[in-house]
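Please have a look at the model first.

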Amino acid sequence: MELLKVEDLVNIAEYETHRKNFRQEIMDLKKQRRISVGEFVTLVFENRQTMKFQVQEMMRAERIVELQRIEEEIDTYNQLIPGKNQLKATLFIEVTEQELIKPTLNRFQGIDRGGTTFLAIGDELVEAEYEGGRSSEIKLSAVHYLTFQLSLAQINNIRNFEIPASIKIFHPSADYIYESSINEDLRRQLANDLSR
């Protein structure tokens, strides 16, 4: 998937004029690219459009107009755009009640250390690679960035809607073992991502 460049963005004044429509378009897109797994975990599969929105929103929120700072934002968010044979997702541990945030995040300690999060395609499991630096021994972030690296056979199977696909979370120490099927809308989005 092609990475973002400065020329792909508009300045914050121009962005403000069409932000409402663009924001709604991205919210609709993210609904198609979202999957909930159990009570607390949601994944949103990212692509070039979702990352363009993130950069434009950061420019707007922080009033970024200097070229160097815009390029820094682009470099940061380009890391979340899938590369060849990849899918990338943002994983959210979602807790709305303030008093439950800390105990819930404590419960999920270790989710980012491997062997917990998978894309299942038929009988095959593709383990998620978590971006480092989002946790310590005593603290876990509520947001994580994942990469699924697929083989050509797995990509062909994603495109074959006869073969079931799902997201599995297997985190026994947190007593969190769930699986959610990938619906057709999301499946189409992922197949499209993998053809670029």
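Predicted model: local features only at pLDDT ≥ 70, side-chain atom pairs only at ≥ 80, totals over all residues.

Residues are numbered from 1 along each chain as its sequence is written, and side-chain values use heavy atoms, with hydrogens and water left out.

The protein chain contains six helices and nine strands; helices (H or I, at least four residues) and strands (E, at least two) are DSSP runs, numbered from the N terminus. Its radius of gyration, taken over C-alpha atoms, is 18 Å, close to the 16 Å of the globule rule for 196 residues, so the chain is as compact as a globular protein of that length. That rule is 2.2 Å times the number of residues to the power 0.38. Of the 196 residues, 46% are buried, meaning under 20% relative accessible area with a 1.4 Å probe, protein chains only.

An open sheet holds five strands in the order β1-β2-β3-β7-β6, with antiparallel pairing; two strands pair if DSSP finds at least two bridges between them. β1 (34–37) and β6 (129–130) are at the edges with a single partner strand each, so one side of each has no neighbour in the sheet.

| Pair | Bridges |
|---|---|
| β1 and β2 | Four bridges |
| β4 (residues 117–121) and β8 | Five bridges |
| β8 and β9 (residues 176–181) | Six bridges |

Strand β8 (residues 165–171) is mostly covered, with five of its seven residues buried. Four residues lie between β8 and β9 in their hairpin, where aspartate 175 in the turn has a positive phi of about 55°.

The largest pocket holds about 170 Å³ of space. A pocket is an open set of points on a 1 Å grid where a 1.4 Å probe fits, with protein on both sides within 12 Å along at least five of seven lines; lining residues have an atom within 4 Å of a point. Its lining has 13 residues, with Lys30, Glu46, Gln54, Thr90 and Phe92 closest to the centre. β2 (41–46), α2 (48–61), β3 (86–93) and β7 (143–149) each give two or more residues to this lining.

Terms used
Buried < 20%, exposed > 50% of the residue type's maximum accessible area, 1.4 Å probe, protein only. Points joined across faces, edges and corners; volume = space filled by probe spheres on them.
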